[in-house]
Structures are given as C-alpha cells and as structure tokens.
Amino acid sequence: MSAPDNVGPHPPASADSSPTGHSEPDVNGLPLYEELWILGGRAYKRYETRGDLEVLEVAIRSFRLAMEAAEDDNPDKADIITNLGVCLRARANCVGEPQDLEESISLKQLANALTPDDNPTKYSLLSNLAVSLFSRFEQEGRAEDLEEAIKLETCAVGLVPDGHVDKLVLLNNLGGSLVRRFEHSGSTNDLEKAIELQTGAVELTPEDHPNKPLWLSNLGSSHMRWFERLGNLEDLERAVVLQSRSVDLTPDDHPNKPMYLSNAGNSLQRRFTRLGDFADLERAIMLHTRAVELTLDSHPDKPTRLNNLANSIEDRYERTGDTKDLEEAIAHQFRAVELTPDGHPQKPAQLNNLGTRLSTRFRQSGNLDDSDRAIIHFTHAVALTPEEHHEKPSWLYNLSSSLLDRFERVGNVLDLEEAIKCSTQSVELTPEDHAQRARNLRSLGFLYFTRLCSPHAHADDASRAMEALLEAMQNPTSHPFERLRASELYARLLTEFSHLLTTPPRLSLLKAWKHAIDLVPQCIWLGNDVRGRYTSKELSDVRIVVNSAATAAITAGEYGLALEWLETGRAVVWSQVIQLRTPLDNLHRLHPQLADRLRHVSHALHLAASGSPSVSMEARLPSSSIQALSSHGYALEYEKLISRICELEGFEDFLRPKTLSQLAGACASGPVVVINVHESRCVALVLCRVGDVIHIPLPELSLDRAMGIQKYLWDLLRAKRFLNRCRSDLQDEGDERGGRVTEMDPPDMMRKILADLWNWVVKPIMDIVSTLVPPSTTLPHVTWCPTGPLVFLPLHAAGIYPSDDRISAPSQTIMDIAVSSYAPTLEALLKPRTKVTPAGQDPRVLIVSQPDTPGGSPIPGTTTEAAIVMSLVGESKTLDDAGGTVQAVLEGMATHEWVHLACHGIQNRMDPMSSAFLLYDGRLTLADLMSHHLPNADLAVLSACQTATGDEKLPEEAVHLAAGMLNIGYKSVVGTMWSISDYVAPDVMRVFYTVMADQVKAGGDLQPAYALHEAIKVLRRSSGRGGMNDFLRWVPFVHFGL
C-alpha cells in the first residue's frame, strides 16, 4: 500500500492592523497618556522589524499605562485599547499564553463598543477584533469564532472605499478566514472567493510594501489548497512561486520569516510528491529545518513546523531508504504531538501524522507495536475530526491502510472488515471532483480484491471492487499514476475473477489495459529534469504495467497492439526528449504562430531537462498574472499546446504514440525482434518487412530464468572486474578499460550462459525468422529489442560453443546465421537512411584518444587505435591527450559525421545520467549529451568501457551512453556491454574500419553492423588475443541502430 497522506501546509496568517496613534511627534509637553501611546507605538514598530520580545513587552506596558491614564470620554481611548489588544495577540502568538488572547479579544470588543458606527476608523477596529477571534479559532477550534471573524471582516471591507490604503489588509484577512472555513466545511465557493480577494491584494501591492511577503504567502497557501482539492498543476506551480517569493522578500530577522520558510517548504515538498523532483525535496527540508530553528518551543506554531519538517524527511526516507531519516521524522513528530495541547484544532493532524510515521516504520521493521500504536493514533485523529472537515477522508484512508497492513501480517479478519468500513466512509466523504478521490476508490477496490483472495470472501466482492476501480481509473481530476494503478488492478480483477462478477464488466480487459497505457506519458512528467524522471518511482512501476498489458494483448491474439504498447513503455524519457525535437514544417505552414510558440517552449524544455544554464528559469510575478517561467511552467504550456494542436483538422494524431503501420518502417533492414519477459509467459514478437507481426512462444524461458542468467553473468563480470569504474587507483591492475582479469576467464561459465540464451531464446526465434527472410549470399540482419533482464544479456553471441578453442569445431551460434544489432526503441530505427555526406565524399571523422587521462588508469592502446583509425578513414581530426577536452569534443562532434572515442567509459549505477566518457579536463556525461542535437551525425564508435550497460533498475529505459549517442542524432553506434581490453580494441577497430572504408568506396548504404560482425569473426579466429573461447574479450562489442 502507498504511504498515507500527511497534513497540509501551515495555515496562512492574518495580519493585525498596526497600532494606531500620532505620527512621531516630540513627546515633550504632551499629555501623559499621549506620551505613553507614542512610546508604545514606537516600541511595537521596532518589534515588527526585529521580532524582539523585550521590545514587545515595552509596548504592552506603555499601552496599558496609556489606557489607564486616558479618561473614559477621551476620543483616543478606543484606539489605545485596540493597540494594547494588538500587542497582546502578538505576544499570544509568540509565547502561546491563552489569557493574552482572551484579554486581546475583550479589549477589542470594548474598543468597538466605545466607537460609533459612523466613526471613520470603525473598519480598523472591526478588523482587529476579527483577527483576534481568528487566532482563538486557530488555537481552540471554536467554529463560532471563525463565523464571527468572517462577518466582522466582511463588514470592515464594505466600510472602506477602493483605493484606500487599508483596503488590501482587509481583503487579505477576509481571504484567509474564507480559506479556513473552506478547510472545515469543504465549500469551494469560499476558496474561490478567497483566491479572488488575495490575488487582488497581491496585484495592487507594491514590491516594497511591508505586507507584500505575507500576502504572497497567503495567496500561495490558497493555491495549494486548490491544487489539493482539484489536482491542477498550475495551482501547485503558483503556490511554489508565490511562497518562494515571500521568503526572498523577507529579511532573516523578521518575525514572520519562519512562517514563510515553512509555507515555501510545504509547497516544494508537495511538488516533489506529485512530480518526483528530488531537488524540490532537498530544498523543502532545508527550508523546514530553518523554520524550526527560528521558532521557539513556546511558539504556538512550533508543532506545525516540526510536523512539516517530519513530512519532508519521511519523504526522503521513502526515496532513499535511509532509516536514519525515518527515525528523525518520528522524533520530530513525537515532539510535535507533545507540544500540541489536547483540544487544539491541530491535534488530530499531529496524531494522524504520527500514525503515518509509525506505519512506515512497521512496514520497514515488522514491529507489531508500531502498527498497533499507529492504529490507535489514526483512530483518535478520526474520532476528533468532524465529518465536514476536509482532511477526514484522508485520515480514514490512513486508518484503513494501517488496518490492512496489520491484517496482512496477523491475518485477523476483523482488521480487514474494519479497513473496508473506514475506506468506504473515506470514499463517501470525498467529493467527486476531489484530486484524491481516485486514490481512495482504488484503495477500496484493493480491499475488496484482498478479501476476494481470502477465505472470507463475500459474494459481491468482485463486483464492488470493479465498480470502485472503474470510477477511480476514469476520474479526470486525480493523479494519473493513481488512475494507472486502478486500471492495472481492474485488469487483474477481470483476469483472475471475472467469473465471480454479478454483473457484466462495463469495460473489457483490453480496454482497461489501453486506459493504463494511455496514462503512461502523463505519469512521467515532462516538467521534471531528466534525472528526476529517471529516479521517479513511477517509471519503474510503469514498466511492469506495460509488460502486463502487452502480455494480455498477446494472450488475446492482438500481436500488433502488444507491439504498440511495448513501444509506448520503452525508453519513455528518451522518447520525450526526441519528441521535443520533432520537425514542425507542416504545422508551421498552416498555423505559423502556434508552431513558433511550440518550438520555443520545446527548446526551453529541452535545455531545462538537461540542466543547461543557457536558459533562465527564474520565476517572475507580472502584475497582470502570476507565471512560473520554469521547466514546470513550460511543461504545463507544452501540454496545452499539444492538446490545442490535436484539435486542429489534420493534426488529430500530432505527437501521439505511433501505430503499427507507422512502426513498420523499423524493419527496413531486416526483422526486428521484440521480446516480452513477463512472470506469466515469455514471447517474441517479430516485426517483418511487410509489416506483419509474428508471434513466437518461448516456453523454455521464464522471468526467473532470465533473472538467473543476468545474475550469473553479472556475478562473473564483477568477480573478474569487468564492471568496475575507471579509477586512478587501478593503474597497476592490468590493461582493462575499467577493470582487469587476475586469472584465466572461466569459459565454462560463459559457455553455459550463451548456451542457455541460445536454447531458451535465440534458437526458437531464429528457427522462425530464417523462414521469413529471402535467400541471399549475405547473412540476414536481425535487430533485438528485449525487455526486462534480457536487456543486459548478449543475445548477439548466443550459441553452443565447443569446449576447445578450435574455430573449426562444430558450433551452433547466432553469429553463424545472422548479423545482430540492438535498438532501445523501434522509433530509433525510423531515422532517414539517406547518407549525410554527398556522393563521392568521405565522411569527416573525429578521433578522440585519451591514453593517460587524469583520474583514470593509463590505456596506451588508444594511441595505437587512433593511428589505425586515422590510416583507414579519409578526412579526420584527432583530439588526443590535452586536446581532448569536453568542449573540444562537443564542438568536433557538431562538425564531423563520424566520431571515434577511445577513452575510459563509466556507467554510474547510482546516478545513470552521470555515466560518462572520461576526457582530459573532465567528464562528458549522458546529461551533457542530452542537451545537444546533431542532425548530420552518422556513426559513433565508443571504444570505451560499459557504454551500453544500462541501469538494471530501468532496463527498458536504455540509460547508457550508446543510447545517448543514438538519441542526439547518430544513426549507428558501436558500444560495449562491459569493460574491454586495451590490447583487443585496436584489433577490432582495424578490421571494422577496413570494412567501413570499403563500404564508403562502394557507394552503397553503410552497414556498420556487418563491419562489426566481421571484426568479431576475425578476433575470434585469432589466438592469444580474444580467441573463440575468450568470451569476455569479444562478446561485449555490440551495435545499436541502423
């Protein structure tokens, strides 16, 4: 089950009007009450600026003495009384003394009674009384205080004409009270009106106005509430921008600074939970930590700020798994509960969040005491919360989730029954257009599904689950990932229990899976940078959904549909990057303004995705509207533009996933084999030249077997140091580009791996594929698009190899019957196959050689290799040693059709986007490559370590350097699956470039895959240097693309 929700952001503060009085005259010669009144006003202004409680005490004493000195019929008496009430409320907010607040209300009521309705300052007295009533509502939860505050503030607003200097204060305060009433009653009319009032206050207030930060923060909090209610990302973006701006405008010593820090931290943390950008979470934790540090333990807002910090730290635990974060979050939450008195309106929220922390620790440690205590706290929070409170559905959801956790551990059916009861109530209390409705419905559906799988099933569980899940997946205001999860569970329900449904399903199995597939692009949001998208939990979960959907389509005999769905779920992030570069010629011809705007937004997103500093992502606040000109803001606009374009005649499928007919061109150079590895069955789908899809069962292959082969291979590679990083401290450890072998390779281990791949995967496929290709004097070309663990396995080398080292011994291998390539997606094979160099002209070749890169072990063979390449190609430029800088290489790639990189390569398993080529002055990372597009690029040869290894957590995403080169424009890429030998690489490249040079002279289509195939054949025949059974030397060389 997903983690329970946390409490929302810290509430916006209302502002008192400043104490009234004379402007700064000389006090000498004035009546005593007036001298004291002026001194109190000066002290309060100093307190507002510095937050010094001692100065506030001076103001309180001065105003109290002034009140005593003034006669009852003094016309200034009411203002003096009000000023004392303002100061007492300020002290109540800082110190938390309830008697201060009670006296503040009594004094302000007295001031109002002393002032006739036609007095020009009446509005100020009404407003100040409303603010104190609002504060008491915040502390004690009296609904009548909130209603009276709204009544008084509405009256005050009506007494002040537009343009009056205090009108903005009154609008802001009324807006804040309406937000609070929305939170307790759920009336969206209150929230809409609040945002309207607060927006007006912000837009009419100059940047240097002392109240500007407060009103920005309050408006941001209101937009946050609106986002939580309806799920509109634009509201979330506005909240982030507004609250960040309030922090920037406020000096560190201002008493409101902690509140602004906490509110800004909440909006960033909420954006992280919605979009998954880890940088948002780190920033949120920093802001919350600072807010807590600046807040005294006696301050009434200390518990809320501790709670907000705990929320963010627990989110970090969920992402990183560091149990220290979880323990710290629990400690902060315990402290927040301790500091919150019983009866306080925030007590239920604090109890709920303590339950959340303990539930998380129970799932991590299995300690039943944590589960029991969590359920107690959730139950208490629910009991203390009125039905109309907007958080009640979430707290019921949390209680239900915790009960389910305990049921799954202990097996007590009473827990399951109570969980269903709580979940049902949660759904009933959640409005139909609420952003969390899909989550709550999916949870209810899962509970029915769970009972259906137990001995305690009810006859109507299947139908009840179906109805809940169907509504969840179709809810348009909820998070796409929640809807996708509901679609997946609905499909599982139909697959396993359709015979138990009491009514026919309203949505068929394949339509349910199609619904899930259509949500995939929305789950991996374009507004995050690429690193954030790769590290999001949703991406790994999407892969499982796509494979399951494809399996369902295959079972139904819809092989073309299965192929389309697998393509949608492959290399999702790369596909998004490529989409941003889509030519817009036809759109520009018919709708030039729309095309220009889309081009601009796409370019900004492309730069932002890779973290390029060349585009400003600064947030601005124009007076007319508030926009976040950030990657998130551009992504929102991009989505709107695409939707708008798709409504135009002739552009209905603009940038939509490609259909089978559009993908058919991928097999122009030979069959393309897509292998779906799923726990229920494994099959190959072969896309043929005529556009047909051939289904080939793989009965001997299973997910467990595929995972076993992968583990077997990687254990071998790790033991032999073929997956090591290139480091300077390996200088004496051999000649591998990234590792060394300390003893002879165990050929029997590798022979078994390749034999299993042959028997279980490749041979059954090739037995069919060989019948699909016409007879020819050359070997057929096959492109492999595997999924799951097969992505990391050398299908191109599969076969039965003799136990001795004689090439003439009988063998059955893929290399004997076909030439192999790989492709991260079918779309990567749809690039134009026309030559990028004019007929009769040799391609320009950039050669990069790094024999002794700072920070890496020496690889002297690269000098020999560079010389070989230079002797076999035409026009070339060599960057070696100090000449091979990151900038020089990037500039050279832009002006040369071919590039040959002979250097260290690094696959970063902790952060795949930091995988890199190690050059003379630093690293050319995968993230760096993504910010470039080279339309004239043709061939990239990556004679470096681990350039096609990838990330085992994201197999279908092809997060490696070879795929990166394909996606920035290269049509063909030669890479390596693991570390390569420094003395083998020159031999391979000698044959490879000899064949490529012959192809260039012949003037036909270039076929790098055939050149690499020939090079490996020669290497296998050689003795002592990568002979036939020296598998770890020759197997890693692979070809990607055309």
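A crossing of two helices is termed left-handed if the near helix is turned anticlockwise from the far one by less than a right angle, and right-handed if clockwise. In the predicted model described here, α19 passes α21 in a left-handed crossing. Helix α19 spans residues 437-452 and helix α21 residues 480-497; their axes come within 9 Å and cross at roughly 25°. Because angles under 35 degrees count as roughly parallel, α19 is roughly parallel to α21. On the α19 side, the contact is formed by Ala 438, Arg 439, Arg 442, Gly 445, Phe 446, Phe 449 and Leu 452. These residues meet a set in α21 that includes Arg 483, Arg 485, Ala 486, Leu 489, Arg 492, Leu 493 and Phe 497, together with Glu 482 and Glu 496. Classified by residue type, the contact of α19 with α21 has eight nonpolar, one polar and seven charged residues.

A left-handed crossing is also found where α12 passes α13. The axes of helix α12 (residues 278-293) and helix α13 (residues 302-320) come within 9 Å, and the crossing angle is roughly 150°. Since angles over 145 degrees count as roughly antiparallel, α12 is roughly antiparallel to α13. From α12, the contact draws on Phe 278, Leu 281, Glu 282, Ala 284, Ile 285, His 288, Thr 289, Ala 291 and Val 292. Among their partners in α13 are Lys 302, Arg 305, Leu 306, Leu 309, Ile 313, Asp 315 and Arg 319. The contact of α12 with α13 comprises nine nonpolar, five polar and six charged residues.

A further helix pair consists of α34 (residues 861-872) and α38 (residues 984-1002), which pack at an angle of about 10° with their axes 9 Å apart. Helices α34 and α38 are therefore roughly parallel to each other. Gly 861, Thr 864, Glu 865, Ile 868, Val 869 and Leu 872 of α34 meet Ala 985, Pro 986, Met 989, Arg 990, Tyr 993, Thr 994 and Ala 997 of α38. The contact of α34 with α38 divides into eight nonpolar, three polar and two charged residues.

Strand pairing was examined next. Strands of a sheet pair through backbone hydrogen bonds, either parallel or antiparallel. An open sheet of three strands is arranged in the order β11-β12-β13, and its pairing is antiparallel. Strands β11 (904-906) and β13 (922-925) form the edges, each pairing on one side only. From one strand to the next, the twist averages 30°. Strand β12 (residues 916-919) runs antiparallel to β13 and is joined to it by four bridges. Within this pairing, Leu 918 stands opposite Arg 923 in β13. Helix α35 (residues 886-895) packs on the sheet and touches β12 and β13; the direction of α35 makes about 35° with that of β13.

Aromatic contacts were also considered. A pair of aromatic rings is described by the distance of the centres and the angle of the planes. The structure holds 12 aromatic pairs. One of these is formed by Phe 134 and Phe 137, whose rings are tilted, with 6.5 Å centre to centre and 50° between the planes. Both Phe 134 and Phe 137 lie in helix α5 (residues 122-140), where a spacing of three residues, about one turn of the helix, sets them apart.

Notes. Residues are numbered from 1 along each chain as its sequence is written. This is a predicted model: local features need pLDDT of at least 70, side-chain atom pairs count only at pLDDT 80 or more; totals for chains, interfaces and linings use all residues. Side-chain values use heavy atoms; hydrogens and water are left out. Axes are lines fitted to C-alpha atoms, for helices over the stretch in contact, and angles run from 0 to 180 degrees between N-to-C directions. Helices (H or I, at least four residues) and strands (E, at least two) are DSSP runs, numbered from the N terminus. Angles under 35 degrees count as roughly parallel, over 145 as roughly antiparallel, 65 to 115 as roughly perpendicular and the rest as oblique. Contact means heavy atoms within 4.5 Å. Ala, Val, Leu, Ile, Met, Phe, Trp, Tyr, Cys and Pro count as nonpolar, Asp, Glu, Lys and Arg as charged, and the others, Gly among them, as polar. Two strands pair if DSSP finds at least two bridges between them. Rings of Phe, Tyr and Trp (its six-membered ring) pair if their centres lie within 6.5 Å; planes under 30 degrees apart count as stacked, over 60 as edge-to-face and the rest as tilted.
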